[in-house]
Amino acid sequence: MTLGTQTWKQYYLRRSELEFRMASGRPEDFTCRALAGHKGEIDDLAYISTSEYRFDGQDKSVVCTVSSDGTVRAWDLHEGMELWSSPVQSAALVNLVAYPRLQLVVTVDERGLIKVWEAENGCEKAAFLLPMYSSALEACDIPEGPLLLAACAEGALYTLTVPWLQLLSRVNVFPGNPTSLLCSPDRQWVFASTQNSDLSPEVFYTQSLLCRSEDETPASTTLPIWLTSRACWTPDEAARLMVMHRNDNGMQLVITTYELGSRKSRDRVEVLVRQIASFLLPDTMMPPHLMKGHGSQVILLVSGSELVLFTIHGLQLVAFQDHQRPITSMWVDQTRVITSSFDLSLRVYMWNKENKFPVLKSCYHLLGGSHRWASGFTHVESDSMSIVGVEARNIGTSILRSYYFQVRCG
């Protein structure tokens, strides 16, 4: 709460009304807008506004997008307008991460040029050039200060300061192989892997990546698995990691859950890893292409147009087939799940946590534009008051389609 703007009762009533509206999805509950401006395809987006609930008239939802047209742009979903656009860059922008607390957004282009932008006005703040294109970016805001983790296509992991992009360390993780990165919810751990490779994934202790000398090895551990395809962390257990990989003979998909820890001595840190669960995916299931965690024991998998929930021990909780075409992305938070699809719709699900395991309820569709002009949704994100999807057009461009839920401030 913003001090002095409302009583606890006003806050409770307004938040309850907002959550009811987002759960029901009636046409009168939200405002739908199409936001156009990019002259190419939108490759990534992220909220730059904080996700806190505010009902003082100052609440707003702001997202940033990057596109093949070489620009990064900011959009106000409440007002349905573009706030600013960067000058056209020399190469297509392919990825971005946001730092809402600092009001900064970081982008990278297809050549590996990283830039920091001020979210308020789009001013460029710093730049750093990787030797090759970037295969992954991760924002890592830790007590020692905000960091940017960048994986280069050559298989090296770069740790940079934010906002000035000063190089703290460079680690060869998988030489010659594009590397994926995934930070734990508390930012203490970094999972690094190279997809469908004989190389086993590694987990790094984040603090050991700071100010490292060339001859010093960062604290890490190698997981005893191979042919890794997907991974995710559990939100409620910050050091719990779930990894999808092939079994020993390479024939079946397995999901193994690990818990990580550290043991510190005077001059070094030892990373400890313990397997706590593992199960085989059903042979009848297509290999999942999306994977997320919820709570401490629930795994959400997307296979084609199907959304399936398992526990970490392999108990299938529920399966949904609400989409007519493949699901392209998935948003998961404490209250809801949202999927986007090439069928030009977003599907909203809500959590019910009254049982031993959270129960997911399928609620409603949010429809995009006309199939005559659009080929489907490619991305979806959400905050406390809005949902936004990237709608791909048939002419090689993209627009944002936002759904803004609002309650009365009176």
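Rings of Phe, Tyr and Trp (its six-membered ring) pair if their centres lie within 6.5 Å; planes under 30 degrees apart count as stacked, over 60 as edge-to-face and the rest as tilted. By this rule, ring pairs link Phe30, Tyr403 and Phe405 into a cluster. The structure is a predicted model, in which local features need pLDDT of at least 70, side-chain atom pairs count only at pLDDT 80 or more, and totals for chains, interfaces and linings use all residues. Residues are numbered from 1 along each chain as its sequence is written, and side-chain values use heavy atoms, with hydrogens and water left out.

Six aromatic pairs are present in the structure. A pair of aromatic rings is described by the distance of the centres and the angle of the planes. For Phe279 and Phe310, the ring centres are 5.5 Å apart and the planes stand at 35°, so this pair is tilted. Phe279 belongs to strand S21 (residues 269-280) and Phe310 to strand S24 (residues 306-311), so the pair ties together parts that are 31 residues apart in sequence. Strands (E, at least two residues) and helices (H or I, at least four) are DSSP runs, numbered from the N terminus. Both Phe279 and Phe310 are buried. Buried means under 20% relative accessible area, exposed means over 50%, and partly exposed lies in between (1.4 Å probe, protein chains only).

A tilted pair is also formed by Phe320 and Tyr349, because their ring centres are 4.9 Å apart and their planes are at 50°. Phe320 lies in strand S25 (residues 316-320) and Tyr349 in strand S28, so parts 29 residues apart in sequence are tied together. Phe320 and Tyr349 are both buried.

Helix H1 covers residues 8-24. The expected span of a helix is 1.5 Å times one less than its number of residues. For the 17 residues of H1 this gives 24 Å, and the end C-alpha atoms are 24 Å apart, which agrees. Tyr11, Arg14, Glu17, Leu18, Arg21 and Met22 are the buried residues of H1. Seen down the helix axis, these buried residues fall within an arc of 135°, so they line one face of H1. The arc is that of the directions from the helix axis to the C-beta atoms. An α-helix has 3.6 residues a turn, so residues three or four places apart point the same way. Trp8, Lys9 and Tyr12 are exposed on the other side of H1. Gly25 follows H1 and has a positive phi, near 65°.

Four strands form an open sheet in the order S6-S7-S8-S9, with antiparallel pairing. Two strands pair if DSSP finds at least two bridges between them. The edge strands are S6 (93-99) and S9 (124-129), and each pairs on one side only. From one strand to the next, the twist averages 20°. For such angles, axes are lines fitted to C-alpha atoms, for helices over the stretch in contact, and angles run from 0 to 180 degrees between N-to-C directions. Five bridges connect S8 (residues 113-118) with S9 in the antiparallel sense. Ile114 stands opposite Phe128 in S9.

Another open sheet of four strands has the order S10-S11-S12-S13, again with antiparallel pairing. Its edge strands, S10 (134-142) and S13 (167-172), each pair on one side only. Strand S11 (residues 145-152) runs antiparallel to S12 (residues 156-161), and five bridges join them. Leu149 stands opposite Thr159 in S12. In the loop between S12 and S13 lies Pro163. The peptide bond from Val162 to Pro163 is cis, with omega near 15°.

Elsewhere, eleven bridges join strand S20 (residues 253-264) to S21, and the two run antiparallel. A hairpin of four residues connects S20 to S21. Leu260 stands opposite Val273 in S21.

Most residues other than glycine have a negative phi, and most peptide bonds are trans. Arg187 is not a glycine, yet its phi is positive, about 65°. This residue sits in the loop between S14 (180-183) and S15 (189-193). Arg187 counts as partly exposed, at 27% relative accessibility. Leu344 also has a positive phi, near 65°. The loop between S27 and S28 holds Leu344. Leu344 is buried, with a relative accessible area of 3%.
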